[in-house]
Amino acid sequence: MKNPQPPINREKENKMTHYIGIDLGTTNCAVAVLNAQGEPDIVHNKDDGQNTTPSVIQFFDKSTYDVGMESYKSLGMDDVFGRFKRYMGTDKSYKTTFGERFTPENLSALLLKKLREDTEHGLDGTISEAVVTIPANFANDARESTLAAAKKAGLNVKNIINEPTAAALYYSFYAGRDLNGTYMVYDLGGGTFDVSVIKIRGKKVDIIATEGVKELGGDDFDKALQQLVADKYQQQTGSRLNQDDYDLIEAESDKKSLSIRVSKKIPLHSNGGRATIEITRQQFVDSIADLIKQTELLCEKVLSESAKSIGDIQEIFLVGGSTRMPCIIDSIKRLFNKDPINFVNPDEVVALGAAFYAAYKSDGKNLNTLQKLAIADVQIAEITSKFFGTSAHNRSTNTSVNTIIINKGESIPCTKTRRYFTRYDNQTSINLDVTECDNAETDLKYVNTIWQGEMDLPSGRPKGCPQDVTFSYDENQVMHCKFSDVESGRTTEIDLTMGKKSDDKFSTDKFISH
Ligand code: ADP
Ligand code: MG
């Protein structure tokens, strides 16, 4: 889609240091910059002048690569990788035919490097500070990995922001009136669905609750349409439709067209010869009814978590390309009995909000008066997206169980301490760990252990010596953990912090983008 905004005024922007927001999406990325008037503008991508760039990387050899639309069109071929954000923070390996292996973090680093270079080229200035956005329900590892990827890409990223918060920030600026109450950010993208309940007063944004489904979005709608077309072709010709004769890229394009038209004729040529089939919007909507139902159930879940009812939600802000589908708007209207708000391209809102945030989090030295004014009243309050705890021995059941120290939904920053006791006389060491989970689990089978260690204790003491465990979750959503033996004052401190994963040897330096 072409940019509806006027081009950036180069004279004023020239030689400025820039504050930018990057929406590093599963499907598409967008970059925005705070302009000299204190308003965020989308930065067009260099290759095809679009406002968003597909998050797809293609390698041509051991050191040359490309990111964007051309790569997206080659998805499915060797050396082309997409949708890796789903696996951020894991060791999943993407192997090229040139013998290189990449983690999702390193692919993201290359993607971000290309975005940085394009942005610097487009703005003719340096990027002073960037903020990268992440889904609100990203696990600690995935957050760290995102920060590490940004660092490897040569970006000065000190802060990350949750996607719904960035979107709410943008909507709060441009609503044309002071927002005051409880709102919902409804984000249906290509691969994920996230929904958050947010309190907004002026430019003060508090997330109250957030929920997400990792595998629900436009990709699933594309598959459903591909299946529907295959079924119709078979009915009409008696032969099966070869998937390559109607691939997911064609399905996506027809899906978008069904957002505008109520029916679409699709010419096909496959095993059963030529046939033109017709798909109506209603048939397509029927084929994804279960998925739409899931989005509605998740809206109800997040409302109940935030102790709000449908009537409490003043407005619903749309985010994500899939909210362009009329059936999604209808579903929201049915559920909330009101029209959702959408006065900007839904796939750009997150980057635009993040550009404000980059300026807001900066030391302010390079901001001009208008920019300072724009961020003057901003205040952001985030919440934790997971439960964090540690394993401990439960005396009554004589088993190891998970115990929670920081609850999901706790306001950030927060610090919590919980006291434990040694189990044996003369206990000279203690196992330490940090767990993370989506629900308040006691069963260790269902938690993710994100750190493990051990601490030596003084000898010769009876059992029952107090051990304090303190978890602090800072504004950047990074955890600091302190385990202390109260009597001796011995402590073990760890920072589940940015850059931890970046000490691997990967560097983006040798890679050149097209
Ligand atoms: P993400 O946050 O996953 O990176 P986006 O917010 O950019 O993704 O949304 C991408 C998804 O939106 C894709 O599945 C794309 O097909 C879908 N999309 C974009 N425009 C339309 C449209 N007009 N109608 C239906 N789906 C659309
Ligand atoms: Mg998105």
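Predicted model: local features only at pLDDT ≥ 70, side-chain atom pairs only at ≥ 80, totals over all residues.
**Stop 1**

Select β5, β6, β7 and β27. These strands form an open sheet in the order β7-β5-β6-β27, and the pairing is mixed. β7 (80-82) and β27 (512-513) are the edge strands; each has a single partner strand, so one side of each lacks a neighbour in the sheet. Next, focus on β6 (residues 64-67), which runs parallel to β27 and is joined to it by 2 bridges. Display Thr64 to find Ile512 of β27 opposite.

**Stop 2**

Select Glu100 and Lys62, whose closest N and O atoms are 3.2 Å apart in a salt bridge. Glu100 sits in the loop between β8 (94-95) and β9 (101-102), whereas Lys62 belongs to the loop between β5 and β6; the pair links distant parts of the chain, 38 residues apart. Glu100 has a relative accessible area of 15% and is therefore buried, while Lys62, at 44%, counts as partly exposed.

**Stop 1: other charged groups**

The whole structure contains 30 salt bridges. Select Asp47, Lys114 and Asp118 to view a network of them. Move to helix α9 (residues 289-305), where Glu296 and Lys293 are 3 residues apart and therefore separated by about one helical turn. Their closest N and O atoms are 3.9 Å apart in a salt bridge. Glu296 is buried at 10% relative accessible area, and Lys293 is partly exposed at 45%. For a pair in which both residues are exposed, select Lys365 and Asp363; the closest N and O atoms of their salt bridge are 3.6 Å apart.

**Stop 2: the nonpolar cores**

Which residues have the most contacts inside the largest nonpolar core? Select Met184, Tyr186, Val229, Ile279, Phe284, Ile288 and Phe336, within a core of 84 residues. Helix α11 (residues 349-361) gives the most to this core, with 10 residues. Centre the view on Ile279 and show its contacts beyond four places in sequence: among them are Leu225, Leu228, Val229, Leu258, Ile266 and Phe284, as well as Lys232 and Lys264. Finally, select Val43, Phe59, Phe81 and Leu115, which are included in a second, separate core of 38 residues.

Terms used. Residues numbered from 1 in each chain as written. Chains lettered and ligands numbered in written order. Heavy atoms only, no water. Core = buried A, V, L, I, M, F, W, Y, C linked by side-chain atoms within 4.5 Å. Buried < 20%, exposed > 50% of the residue type's maximum accessible area, 1.4 Å probe, protein only. Helix = DSSP H or I, 4+ residues; strand = E, 2+ residues; numbered from the N terminus. Contact = heavy atoms within 4.5 Å. Pairing = 2+ DSSP bridges. Salt bridge = Lys/Arg side-chain N within 4 Å of Asp/Glu carboxyl O.
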